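Good morning, colleagues, and thank you for your attention.

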Amino acid sequence: MTVIFFIAVFAYAIIPLYLIYRIYKNFSTSYIDFLATCLCSFSYLLAVSLIGNWSLFPFSYLKYPLLIAFFFVSYKNFKNVKRKWILKPIKLKKIGKYSLLFFLFSLYSYQSFQACLGFISPKNTIELAFPLQGKNFCVIHGGAHEIINHHQNVCAQKYALDITKTDWLGRRAKAWVPKLLDDFFVYESQVVSPCNGKIIKALDCFPDQSLLEMDCENVCGNHIVIFSESHQAYIVLAHLKKDTLLVKVGDEVKKEQPLALVGNSGHSSEPHLHIHCSKSNNQDYLYDGEGIPIHFDKKFLVRNQRVSTSEHQ
């Protein structure tokens with residue numbers, strides 16, 4: 001967790017602050033230098049804002065003041081550039097610099113474009129109730145592109161979501177570097193049924209894993225599978241806490257009925273709820289079948305989007 005924390009701080013805070021500082025100090029000597037630096041810096045800030053998993057960072061709302069600071073500093077210092085446009089032979093060193101800046105600008109712009117594609121809701125979605133009770137939930141992985149949703153490469157889980165919980169600062173845990181499961185706000189949150197349906201699988205035998213110690217053999221850990229007759233689809237709720245399941249195979253459940261508590265069982269690096277919906281012909285709900293995109297309150301949720309269940313009650 002310490003390594004993850006420092007990577008997040010470096011990528012989401014130190015680099016953006018350094019880029020803004022360079023523009024503030026106005027190291028450029030021409031409009032071309034200044035604009036090239038600004039465009040490259042903005043492309044990085046935009047990419048990290050759209051793609052970055054901000055729940056890993058202690059202050060996830062920092063991305064907004066960083067973007068505001070970038071525009072303010074860029075606007076203020078543009079007029080302070082000393083030299084104007086000058087047409088003269090460009091030195092080899094400058095060619096190398098502009099080539100690097102162009103490459104980075106193209107790379108970050110392309111990543112931002114991919115992220116934006118992932119925000120677009122696919123067709124043939126199904127409407128479900130949000131599967132957690134409480135406030136300030138945040139999507140860790142979700143969307144229609146692998147750059148913001150690592151489930152995209154698994155057919156049945158193509159539109160799966162991983163959900164955590166944050167406080168008013170956007171922190172997912174009490175400690176900056178969480179060490180215990182209890183540090184996470186989502187741990188032991190109430191999981192509710194996202195729809196009316198029938199329980200066709202309810203596994204409740206795996207202990208919670210320690211942080212970053214994932215069970216590769218039992219990927220879902222303790223989980224529940226609901227068959228929705230109205231949608232003709234299977235809904236999987238995974239990584240539940242042992243001995244908290246309130247249902248068994250064969251039970252009929254109603255929408256928003258309590259089912260279990262969030263845990264950290266299975267292939268899970270930290271407490272969160274995994275949910276996905278699929279159509280399957282051979283009852284392999286994890287890897288086989290067609291993943292179905294989900295709407296909650298008519299919204300297609302993607303990485304970093306926030307939800308409070310008061311919106312659904």
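**Helix packing, pocket and cavities**

Helix α1, residues 2–25, and helix α3, residues 63–78, have axes that come within 9 Å of each other and cross at roughly 15°. Please bear in mind throughout that this is a predicted model. Angles under 35 degrees count as roughly parallel, and α1 and α3 are therefore roughly parallel to each other. Their crossing is left-handed. On the α1 side, the contact is made by Y12, P16, L17, I20, I23 and Y24. On the α3 side, L66, A69, F70, V73, S74 and N77 take part. Sorted by class, the contact of α1 with α3 has 10 nonpolar residues and two polar ones, with no charged residues.

Let us turn to the pair α1 and α2. The axes of these two helices come within 10 Å and cross at roughly 160°. Angles over 145 degrees count as roughly antiparallel, and this makes α1 roughly antiparallel to α2. The crossing of α1 and α2 is again described as left-handed. Helix α1 contributes A11, Y12, I15, P16, L19 and I23 to this contact, and α2 contributes F34, T37, C38, S41, Y44, L45 and V48. The residues in the contact of α1 with α2 divide into 11 nonpolar and two polar, with no charged residue.

The next pair is α2 with α4. Helix α2 covers residues 31–51 and helix α4 covers residues 92–119; they pack at an angle of about 30°, with their axes 8 Å apart. By the cut-off of 35 degrees, α2 and α4 are therefore roughly parallel to each other. The crossing of α2 and α4 is left-handed. How many charged residues does the contact of α2 with α4 have? There are three, together with 17 nonpolar and five polar residues.

I now move to the open space in the model. The largest pocket holds about 620 Å³ of space. Its lining consists of 26 residues, and those nearest the centre of the pocket are H141, H150, D162, S269 and H272. Which element supplies the largest share of this lining? Helix α1 does, with five residues. Both α1 and strand β2, residues 137–141, supply at least two residues each to the lining of the largest pocket. By class, that lining comprises 13 nonpolar, 11 polar and two charged residues.

The largest cavity has a volume of about 50 Å³. The residues that line the largest cavity are S55, L56, F57, P58, R171, R172, A173, A175 and W176. This lining has six nonpolar residues, one polar residue and two charged residues.

The second largest cavity has a volume of about 40 Å³. Its lining is formed by G143, Y159, L161, I294, F296, F300 and L301.

With that, I conclude and welcome your comments.

Key
Residues are numbered from 1 along each chain as its sequence is written. This is a predicted model: local features need pLDDT of at least 70, side-chain atom pairs count only at pLDDT 80 or more; totals for chains, interfaces and linings use all residues. Side-chain values use heavy atoms; hydrogens and water are left out. On a 1 Å grid over the protein atoms alone, a cavity is a set of points where a 1.4 Å probe fits but cannot get out, and a pocket is an open set with protein on both sides within 12 Å along at least five of seven lines; lining residues have an atom within 4 Å of a point. Grid points are joined across faces, edges and corners, and a volume is the space filled by probe spheres set on the points. Ala, Val, Leu, Ile, Met, Phe, Trp, Tyr, Cys and Pro count as nonpolar, Asp, Glu, Lys and Arg as charged, and the others, Gly among them, as polar. Axes are lines fitted to C-alpha atoms, for helices over the stretch in contact, and angles run from 0 to 180 degrees between N-to-C directions. Helices (H or I, at least four residues) and strands (E, at least two) are DSSP runs, numbered from the N terminus. Angles under 35 degrees count as roughly parallel, over 145 as roughly antiparallel, 65 to 115 as roughly perpendicular and the rest as oblique. A crossing is left-handed if the near helix is turned anticlockwise from the far one by less than a right angle, and right-handed if clockwise. Contact means heavy atoms within 4.5 Å.
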